[in-house]
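Take a moment to look over the sequence and the model below.

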Amino acid sequence: MEIKIQLAEKDIPRKWYNLAADLPNPVQPPLGPDGKPISPDMLTAVFPMNLIEQEVSTKRWIDIPQEVLDILYRWRPSPLRRAVYLEKHLKTPAKIFYKDESLSPPGSHKPNTAVPQAWYNKQFGTTRLTTETGAGQWGSALAFACRLIGIECKVFMVRISFDQKPFRKIMMKTWGANCVASPSNETSSGRAILAKTPDTPGSLGIAISEAVEQAVTDPGGRTKYCLGSVLNHVLLHQSIIGLEAKKQLESVGIKNPDVVIGCAGGGSNFAGIAFPFTAEKIHGAKIDIIPVEPKACPSMTRGEFLYDHGDTAKMTPLMAMYTLGHAYVPAPIHAGGLRYHGMAPLVCQAIVEGLQKPLAIDQIECYEAAMTWAATEGFICAPETSHAIAAVIREAKKATEEGKEKNILFCYSGHGLMDMLGYDAYLEGKLERYEMPDEDIKRSLAELNGLPKPKAVKTGKW
Ligand SMILES: Cc1ncc(COP(=O)(O)O)c(C=O)c1O
């Protein structure tokens, strides 16, 4: 029995997969401040046109440039591993497969999109990129990509993670990026938030506002903004995860897994593993597809499907998504990359259509899962990834109860070697259960009352 299923470099996917081509109903368009759909040229202050074209594309397959592949080869194709030691420990008839995205130089799936985003920007003439980062995984991925491709990189890091994860900022510096805590005094949106709440732990929504502001106010127009998740083109770049996994499973005789799982902050690693299989489901395969979020930030399970801004200062267009409201500042859990008020519109559309079924898990259960993982498989996972592992353990136990030999596939989105303070807090018994009170959700969603509403969508039977 093979526990590492490799894919030869010559078999690496040469095209990305775009779910927008196969969804039964189209994603509802982003809206501008006047409530009307925005046109691609309205995004040019923020993104280069070559990435805007990908953002609005409904083409099923998009070529991966050879120069991008030449960089991805450093760690791709990534192995598909079988978690046999966890299976034995759980005494489950299920087979658990995981796509190991922790092997990239920064340690997560994020470089799969950081590299093409930096590359397309460079082609376009961008000289400096700004971005936000939660846990620091995305910031370090973009710093890495910018270093290799030769662009300046500025990262606004959510305050709580800036303090909790000092080594991530040193990684960013090592790759030549400039990293500051957000909210910062460098932008007017940051200054406004600091004046109101000087002790705020920050949020991804706030950091996005700061990074976008610096891009759009650059007088030369050579600074652009990059996002590590949520947007269609980011999810497109991550599809390489699921496309590789599909070839690897086929090589051991599995056409489709029974269950696909990924943790979801903005939805990119989940979409990466899940979308190629969502296409199979649309065309008749029976697959349970589960995005997993923290109970402290339950956008998909307790938020509403509404038009909302992607950031706190309302600088981004309105997107139709499950949201807790752009003003919501999630509790400072250690899975910093899952602290986002919204979710990728493409993932939300798949949920609305009934193709994917989200799940929320508390951080204590997730750390317990991470400890079981470390004790069986031996690896120390990122706190974000532990949400996927907790869901996998639940599914494996369900398979035992049902006596079914299911194939479970999940995305191992990153290692946790830079996140040891979270483990320390768990081991010292200092972690709390966070569940968002109903009143907080209601209060934060009330701010969206005057905004346009998405159209009703007929749910399919899958
Ligand atoms: C290791 C890891 N997994 C998952 C995520 C969540 O992001 P996304 O939902 O875009 O995959 C992050 C975000 O920082 C991360 O660092």
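How many helices and strands does the chain have? In this predicted model, there are 17 helices and 15 strands. The radius of gyration is 20 Å, close to the 23 Å given by the globule rule for 462 residues, so the chain is as compact as a globular protein of that length. Along the principal axes, its C-alpha atoms fill a box of roughly 60 × 50 × 50 Å. Of the 462 residues, 56% count as buried.

Next comes the ligand. Its shell holds 21 residues, and the closest are Q137, S229, G265, G337 and G414. Of the elements, α11 gives the most, with 3 residues. Sorted by class, the shell has 7 nonpolar, 13 polar and 1 charged residues. Why does the ligand lie between domain 1 and domain 2? Both domain 1 (76-107 + 231-446) and domain 2 (111-227) give residues to the shell, so the ligand lies between them.

The last stop is helix α4, which covers residues 111-124. From its first C-alpha to its last, this helix of 14 residues reaches 19 Å, close to the 20 Å expected at 1.5 Å a residue. Because 11 of the 14 residues are buried, α4 is largely enclosed by the rest of the structure. Among the buried ones are P111, N112, W119, Y120 and N121. Just after α4, G125 takes a positive phi of about 100°.

Technical notes
Residues numbered from 1 in each chain as written. Predicted model: local features only at pLDDT ≥ 70, side-chain atom pairs only at ≥ 80, totals over all residues. Near = placed C-beta within 6 Å. Helix = DSSP H or I, 4+ residues; strand = E, 2+ residues; numbered from the N terminus. Nonpolar A, V, L, I, M, F, W, Y, C, P; charged D, E, K, R; others polar. Domains from an automatic or database assignment. Expected span 1.5 Å × (residues − 1). Buried ≥ 20, exposed ≤ 12 C-beta atoms within 10 Å, placed from the backbone. Rg over C-alpha atoms; globule rule 2.2 N^0.38 Å.
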